[in-house]
Amino acid sequence: MVEIKTPKPKKSIQLLRGMKDILPEEERYWSFINEKVRSVAETYGYGRIDTPYLENTSLFVRSIGKETDVVEKEMYTFEDRGGESISLRPEGTAGVVRAYIEHGMLNRPQPVKMYYIGPFFRYDRPQAGRYRQFNQFGFEVIGEDHPVIDAQLMMIAYNFYNEIGMPVSLQVNSIGSTETREEYHKALIDYYKSRKNSLCENCKKRMTKNPMRLLDCKEEDCQLLAQDAPQIIDFLDEDSNLHFVQVLEHLDSLEIPYTLNSRLVRGLDYYSGTVFEIWPEPMEIHEEDVNIEEEKKNNEGKKEIKEEKTEKEEVIKPGSQSALGGGGRYNYLVEMIGGQDTPAIGFACGIERLIIEIKNRDLKVTQKNNPDIFVAQLGDLARKKSLKLFEDLKHEGLKVAESFSKDGLKNQMEMANSKNVKFTIIIGQKEIMDDTILIRDMENGIQETIDFKKIIPELKKRIERYGVKEMNGNNHNI
Ligand code: AMP
C-alpha cells in the first residue's frame, strides 16, 4: 500500500522581532510628520540630505565612541562580500558629517544647515516605543559656534511639538569641553567609589569606562544615587560657562520655557557643550492606565510576555519621561572623522514615539492631500454617473475620494468619515430622476439637494469658505 504523506503546513514567516510594518491606515501620521518637518526646514533654510543606510563601521566607532551602548551592543555590523566591516546606521549625525567633509562643504557659506528623515537601526531590547528599525528626523547646523544657533535650534525642536499640539518640556544642560569632562569624570568616580554596591550591574561596568552614563540610568537605586552626585555645571570651564549662559539668555528672549537638568548627559561620545532633550509632558493617568501598570507588576518575572504585550498595545508607561528627541553641540566631531576643526550642533527626534503620543493624546492630524469630498452612490445608474462626476471633480482640482465598489450608503458613509472629508455628495435613484445631487456637510450633518449642473461651483464655494474657517479656528494645522 502506498503511504500518502500529507504535506506539513508551512509555518508562516513572521516579522523580525523589533521591526514594524507601517500599514496604509497609519500613513496619514507619517505624511503629516513628513510634511511638517519639510515645512519647518523650509522656513529656517535647512536643505535636505539623504545619506546611505550603510556606512563603514569605523565611522560610527570613531564618532559615537567605542564604549557606548550603541557601538558595543546595538549596531548591526557585518562583513560585506569584499570583507569590509560595514554597519547599518544607528543614528544620523555621523553620516551627515562624513558627507560634509567628503563634499567639501567647508567651502560653502557657513553654517551649512541640513535636515534628514529616514530609518535607523539598533539591536535594542524591543519594547513599547522602542524598535530595532525606527525612524528619525534630524536637523544639523555645521560651521558655527554662536550661542544664538543653539537657542534657535532648541526653539525649532520645541515649537515643532508645540505646533502639533503636543505638550513637551525642553530639558537643557551643558557638558562642557573635553577638559571639563575629564575633571568631572574624576569627581564622579570619587563619588560613586564608596557607593558601588548600590549600583546596578550595568552601572558597575560603566563606572570606569563611561561614568557620565550613570546619571541617566533608569534603575531606581541608580537614580537615587544620581540625585546627590556632583553636577557638571559646577565643573564647566570659563568658555563653556559663558557660552551656556548666553544660550540660556537667548532662550529667555525667545520666551521658550526650559528646565535646567544637571543629569542630562546624552549617550554618545561626540557631544560637547550644550545638550538638550524634548520630553513629553506626563499625561493624566486614567484608571485603565493604572490597571495596565498593576498588571505589568503582577507579570514581574515573565519579562518576555510583558514586553510583547506592551509592544502590541503601544503603551508607553503613563507619565514616563522617555524622550521624544534630543541633541546637542558636537564641536569635536568633524575633526574626529578627519575634517578640520569645525563647530556644529544638531538634534534628532523619533517618529514612532511621536506617533504613539499623537494617538494617545488624540491630537488632530491634518494632511495637505486629504480629500475634501467623498462621492457616494446608490444603484447602477448612479454609479455610472458618479464615476464620470468623480473624474470631472478631479479635473477641476478638487480633492475627492470614492468607493465605487461598495453599495450600501452606510458603508460609504463610514468610509467618508474615516477619510475625514468635509462634504459627501450622494447620487441615488431619486437624484438620477430629478437630475439633482445631495450635498452633506459632514461637520453638522445638514443635507441639501442641488441642481446637478451646479455641483462644481457649489463645492468650490463651500470648500473656499471652509478654508477660511479653518485658518481662523485651528492653529494646529499645517
Ligand atoms: P538618540 O539618537 O538616542 O538621541 O534618539 C533620539 C530619539 O530617537 C529618541 O528620543 C527616540 O524618540 C528615538 N529613538 C531612539 N532609539 C529608538 C528606538 N530603538 N526605537 C524607537 N525610537 C527610538
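Glu255 counts as exposed, at 69% relative accessibility. Exposed means over 50% relative accessible area, buried means under 20%, and partly exposed falls in between (1.4 Å probe, protein chains only). Glu255 sits in the loop between helix H9 (238-253) and strand E8 (259-260). Helices (H or I, at least four residues) and strands (E, at least two) are DSSP runs, numbered from the N terminus. The backbone at Glu255 has a phi near 60 degrees, a positive value in a residue other than glycine.

This is a predicted model, in which local features need pLDDT of at least 70 and side-chain atom pairs count only at pLDDT 80 or more, while totals for chains, interfaces and linings use all residues. Residues are numbered from 1 along each chain as its sequence is written, and side-chain values use heavy atoms, with hydrogens and water left out.

## Loops and backbone

Asp435 also has a positive phi, of about 55 degrees, although it is not a glycine. Its place is the loop between helix H16 (429-434) and strand E15 (436-441). Asp435 counts as partly exposed, at 27% relative accessibility.

Pro111 belongs to the loop between helix H4 (93-102) and strand E5 (112-121). A cis peptide bond joins Gln110 and Pro111, with omega about 0 degrees.

Gly408 lies in the loop between strand E13 (400-402) and helix H15 (409-418). Its relative accessible area is 33%, so Gly408 is partly exposed. Gly408 and Gln377 are 31 residues apart in sequence, and their C-alpha atoms are 8.5 Å apart in space.

## Two buried residues

Val71 is part of helix H3 (residues 69-74). With a relative accessible area of 15%, Val71 is buried. Val71 and Leu268 are 197 residues apart in sequence, but 9.4 Å apart in space, C-alpha to C-alpha.

Arg329 is in strand E10 (residues 325-329). Its relative accessibility is 1%, so Arg329 counts as buried. What does the side chain of Arg329 contact? It makes a polar contact with the side chain of Asp145, at 3.5 Å. A polar contact is a pair of N or O atoms within 3.5 Å; within protein, one must be able to donate a hydrogen and the other to accept it, and residues adjacent in sequence count only if both atoms are side-chain atoms.

## Aromatic rings

A search of the whole structure finds 16 aromatic pairs. Rings of Phe, Tyr and Trp (its six-membered ring) pair if their centres lie within 6.5 Å; planes under 30 degrees apart count as stacked, over 60 as edge-to-face and the rest as tilted. Two of the pairs follow.

| Pair | Centre distance | Plane angle | Class |
|---|---|---|---|
| Tyr270 and Tyr271 | 4.9 Å | 55 degrees | tilted |
| Phe276 and Phe347 | 6.2 Å | 65 degrees | edge-to-face |

Tyr270 and Tyr271 are both buried. Phe276 and Phe347 are buried too. Phe276 lies in strand E9 (residues 274-280) and Phe347 in strand E11 (residues 344-350), so this pair ties together parts that are 71 residues apart in sequence. Phe276 and Phe347 also belong to one aromatic cluster, with Tyr46, Tyr115, Phe137, Phe139, Phe160 and Tyr161.

Charges meet rings as well. Arg28 lies over the face of Tyr29, at 4.9 Å from the ring centre. Arg89 lies over the face of Phe120, at 4.1 Å from the ring centre. A charge sits over a ring if NZ of Lys or CZ of Arg is within 6 Å of the ring centre and within 35 degrees of the ring normal.

## Around the ligand

Which residues come nearest to the ligand? Of the 14 residues around it, they are Arg122, Tyr131, Gln136, Arg266 and Leu324. A residue is near a molecule if one of its heavy atoms lies within 4 Å of it.

The side chain of Arg266 places an N or O atom 2.6 Å from an oxygen atom of the ligand. Leu324 uses its backbone: an N or O atom there lies 2.9 Å from a ligand oxygen. A polar backbone atom of Gly325 is 3.3 Å from an oxygen atom of the ligand. Taken alone, the ligand exposes 480 Å², and the protein buries 89% of that. These areas come from the Shrake-Rupley method with a 1.4 Å probe.

Strand E6 (133-142) and strand E11 each supply at least two residues of the shell around the ligand. By class, the shell has five nonpolar, four polar and five charged residues. Ala, Val, Leu, Ile, Met, Phe, Trp, Tyr, Cys and Pro count as nonpolar, Asp, Glu, Lys and Arg as charged, and the others, Gly among them, as polar.
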